[in-house]
Amino acid sequence: MARINQNYDKLGASYLFAEISRRAKAFAEKNPGVELLRLGIGDTTLPLAPTVVAGLRAGAEKLGAAETYTGYGDYEGEKWMREAIASVYRERGVNLDVSEIFVSDGAKSDSSNIQSIFSSDAVVAIQDPAYPVYVDSNVMAGRTGAYDPARQQYQGIIYMPCTEANGFFPELPGQKVDLVYLCSPNNPTGAVATHAQLSLFVEYARARKAVIVFDAAYSTFIRDPSLPQSIYEIPGARSCAIELNSFSKTAGFTGVRLGWAVVPKELTCEATPPGKLNAMWYRRQSTFFNGPSNVVQAGGAAALTPRGREECRAIVDHYLESARIIREGFTLAGLTCFGGTNAPYVWARTPGGMSSWDFFDKLLREAHVVTTPGSGFGPSGEGYVRLSAFGRRSDTERAVAAVRAALGKR
Ligand code: PLP
């Protein structure tokens with residue numbers, strides 16, 4: 001008799017974005033003819049850069065000729081792809097061996113799968129608010145107790161509040177934890193960690209043989225040269241941190257799918273010699289994953305050529321300008337805003353202490369604008385909404401104008 005993994009029953013009934021579309025759909029059905037403007041979901045809208053399209057095309061053409069056809073590639077990605085990624089790190093003074101880089105179909109898969117190489121009783125600390133995948137993947141893996149609706153938390157997870165008081169970067173956990181998830185530039189708050197802030201966590205992890213999972217999916221949005229784009233810019237991080245990254249927001253690969261994980265050879269944790277975690281991730285990937293698409297890797301390598309990077313940088317610049325427009329517009333509408341510089345997300349405090357969902361409903365009803373309620377990212381997100389810069393510019397401008405009109409400030 002088969003039995004289900006009962007940890008799934010602990011998960012919240014509905015995924016945040018499903019509830020948002022349910023409410024938006026219900027509003028649209030009751031108000032036919034009203035156009036909804038979206039500042040919610042973080043999906044990209046600009047087309048791929050020409051160099052990337054040429055790379056994808058060339059990758060596909062290769063498969064159409066007997067002499068150049070290839071089937072399965074390396075589980076951890078083609079060597080030329082890993083060399084291209086390593087060369088980008090070298091510019092930041094970070095020297096990685098290609099055997100430390102694992103190319104994947106995206107950072108969502110890696111951020112949910114990485115926990116599988118750690119013990120099932122590992123104590124997990126997560127920034128609050130956070131990208132929901134870190135919590136949910138650990139719930140499914142059985143590292144938590146039940147969901148406590150009163151505290152809006154899973155028992156057993158250490159929530160690290162990120163609030164206005166701490167500049168949306170957490171204090172060190174008060175107890176020993178084993179796995180620490182950090183994301184910078186942050187989804188959802190748009191906060192970017194400094195060298196000093198990351199150094200504290202690196203020291204903490206090294207002292208306690210903990211491992212940091214550092215999600216750098218938005219690293220190319222950092223324009224301030226004083227801010228770290230990789231955790232390996234922090235001395236000592238190679239022995240205590242795994243880094244995840246993605247082509248999704250950098251090169252418009254949300255539908256194309258490509259990302260990578262760095263698992264350094266030096267990485268250790270309790271009773272684990274250097275090299276073992278790297279070998280375990282290879283074992284995990286080679287068992288569960290047959291490597292990233294060869295066509296997609298050809299597109300990814302093109303995105304990392306000097307020309308490709310220039311074109312992709314222009315795309316990121318465009319989203320950064322949209323973030324500025326959102327932040328400025330919402331501030332003029334009377335809201336207190338955070339993030340939106342060196343990051344594609346603006347984190348706006350709701351007016352008058354309104355709850356995240358009440359403010360979501362108000363903006364939907366009165367401005368016909370869809371946002372993302374901050375409480376969906378964790379209890380410390382209550383009282384905020386997340387605004388995304390990834391929409392079309394004209395829609396973003398209209399949404400900002402509609403919010404200003406609805407809140408009485410034109
Ligand atoms: N990590 C963070 C913090 C994200 O916000 C997202 C997507 O929104 C991802 C990872 C997923 O990236 P990918 O599209 O590479 O799976």
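Me: N7, buried or exposed?
Reply: Buried, with a relative accessible area of 18% (buried is under 20%, exposed over 50%, 1.4 Å probe, protein chains only). This is a predicted model: local features need pLDDT of at least 70, side-chain atom pairs 80 or more, while totals for chains, interfaces and linings use all residues. Residues are numbered from 1 along each chain, and side-chain values use heavy atoms, without hydrogens or water.

Me: What does N7 touch beyond four places in sequence?
Reply: V139, M140, A141 and G142 (contact: heavy atoms within 4.5 Å).

Me: And which side chain has a polar contact with that of N7?
Reply: K10, at 2.7 Å (N or O pair within 3.5 Å, one able to donate a hydrogen, the other to accept it; sequence neighbours count only through side-chain atoms).

Me: Switching to helices. How do α2 and α9 cross?
Reply: At roughly 145°, with axes coming within 7 Å (axes are fitted to C-alpha atoms over the stretch in contact; angles run 0 to 180 degrees between N-to-C directions). Among the α2 residues in the contact are G55, L56 and G59; α9 brings V296, A298 and G299, among others.

Me: Now the sheet. What's the strand order?
Reply: β11-β12-β15-β14, open and antiparallel (pairing takes at least two DSSP bridges). The edges are β11 (337-339) and β14 (372-373).

Me: How many bridges join β12 and β15?
Reply: 5, in the antiparallel sense. R349 stands opposite Y384 in β15.

Technical notes. Helix = DSSP H or I, 4+ residues; strand = E, 2+ residues; numbered from the N terminus.
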